[in-house]
Amino acid sequence: MAITVSRKIRVRRPVGEVFALWADFENFPRFMSHIAAATPVRDGVTHWVLKGPPGITLEWDAQTTEMTFARRIAWRTLSGHVEHTGEVLFNDLGGETEMTVTMTYETPYGTLGDLAGKLLLDPQSQLETDLENFKRFCEKTAPLRRTG
């Protein structure tokens with residue numbers, strides 16, 4: 001069963017800095033409590049490890065399908081336990097950034113997974129919590145400096 005969640009949030013940082021912090025997927029464990037690791041594998045592909053309910057770890061590879069600086073990042077899974085697509089849109093508000101995150105995924109393990117997912121996790125609430133954590137992470141991180 002497909003589940004789609006979406007959320008907008010404003011971050012008090014310039015759009016280029018917010019984009020750069022999100023685009024560095026290795027940052028994700030710093031603001032998403034359920035992500036244990038996001039490791040680059042090769043150009044555009046990242047290996048993800050999710051901490052599920054006690055004793056359950058889910059892993060998958062994801063392909064970045066679009067990365068347009070300060071505008072959009074999109075992805076889809078390639079393999080593993082999770083079928084997932086998503087995008088983040090970045091809107092420059094002149095010193096602040098509005099982000100819109102939309103994710104669609106198939107819950108793992110068929111009907112049993114659908115039931116467990118609904119009982120143990122509220123995907124919309126999890127997205128809201130993750131984005132609030134990202135906002136705090138972003139707003140506390142020292143400004144990024146451009147080189148060159």
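This is a predicted model: local features need pLDDT of at least 70, side-chain atom pairs count only at pLDDT 80 or more; totals for chains, interfaces and linings use all residues.
1. Residues are numbered from 1 along each chain as its sequence is written, and side-chain values use heavy atoms, leaving out hydrogens and water.

2. Next, the salt bridges. A salt bridge here is a side-chain nitrogen of Lys or Arg within 4 Å of a carboxyl oxygen of Asp or Glu, and by this rule there are eight salt bridges. One of them pairs Arg7 with Glu128, whose closest N and O atoms are 4.0 Å apart. Arg7 belongs to strand β1 and Glu128 to helix α3, so this pair ties together parts that are 121 residues apart in sequence. (Helices and strands are DSSP runs numbered from the N terminus: H or I over at least four residues for helices, E over at least two for strands.)

3. How exposed are the Glu128 and Arg7 side of things? Glu128 is partly exposed, with a relative accessible area of 30%, and Arg7 is partly exposed too, at 21% relative accessibility. Arg7 also meets Glu132 in a salt bridge, 3.6 Å from N to O. With Arg7 in strand β1 and Glu132 in helix α3, this pair ties together parts that are 125 residues apart in sequence. Glu132 is partly exposed, with a relative accessible area of 30%.

4. Back to Arg12, which forms a salt bridge with Glu139; the closest N and O atoms are 3.1 Å apart. Arg12 sits in the loop between β1 and α1, while Glu139 is in helix α3, so to speak linking distant parts of the chain, 127 residues apart. Glu139 is partly exposed, with a relative accessible area of 25%. Through shared partners, salt bridges join Arg7, Glu128 and Glu132 into one network.

5. What order do the strands of the sheet take? The seven strands form an open sheet in the order β1-β7-β6-β5-β4-β3-β2, with antiparallel pairing (two strands pair if DSSP finds at least two bridges between them). At the edges are β1 (2-11) and β2 (35-42), each pairing on one side only. From one strand to the next, the twist averages 20°.

6. Inside the sheet, β5 (residues 72-80) and β6 (residues 83-92) run antiparallel and are joined by five bridges. Ala74 has Glu87 in β6 as its bridge partner.

7. Two helices pack on this sheet. Helix α1 (residues 15-23) touches β1, β4 (57-68), β5, β6 and β7 (97-106), and its direction makes about 160° with that of β6. Helix α3 (residues 123-140) touches β1 and β7, and its direction makes about 30° with that of β1. Contact means heavy atoms within 4.5 Å; axes are lines fitted to C-alpha atoms, for helices over the stretch in contact, and angles run from 0 to 180 degrees between N-to-C directions.

8. The helices α1 and α3 also meet each other. They pack at an angle of about 120°, with axes 11 Å apart. Val18, Leu21 and Trp22 of α1 meet Leu131, Phe134, Phe137 and Cys138 of α3. The residues of this contact are seven nonpolar, no polar and no charged (Ala, Val, Leu, Ile, Met, Phe, Trp, Tyr, Cys and Pro count as nonpolar, Asp, Glu, Lys and Arg as charged, and the others, Gly among them, as polar).

9. Is Lys135 buried or exposed? Lys135, in helix α3, is buried, with a relative accessible area of 17%. Leaving aside residues up to four places away in sequence, Lys135 touches Ile9, Arg10, Val11 and Arg12.

10. Finally, have a look at Ser79 in strand β5. Ser79 is partly exposed, with a relative accessible area of 37%. Not counting residues up to four places away in sequence, Ser79 touches Glu59, Trp60 and Asp61. From C-alpha to C-alpha, Ser79 and Gln63 are 9.7 Å apart in space, and they are 16 residues apart in sequence.

How values were computed:
Buried means under 20% relative accessible area, exposed over 50%, partly exposed in between (1.4 Å probe, protein chains only).
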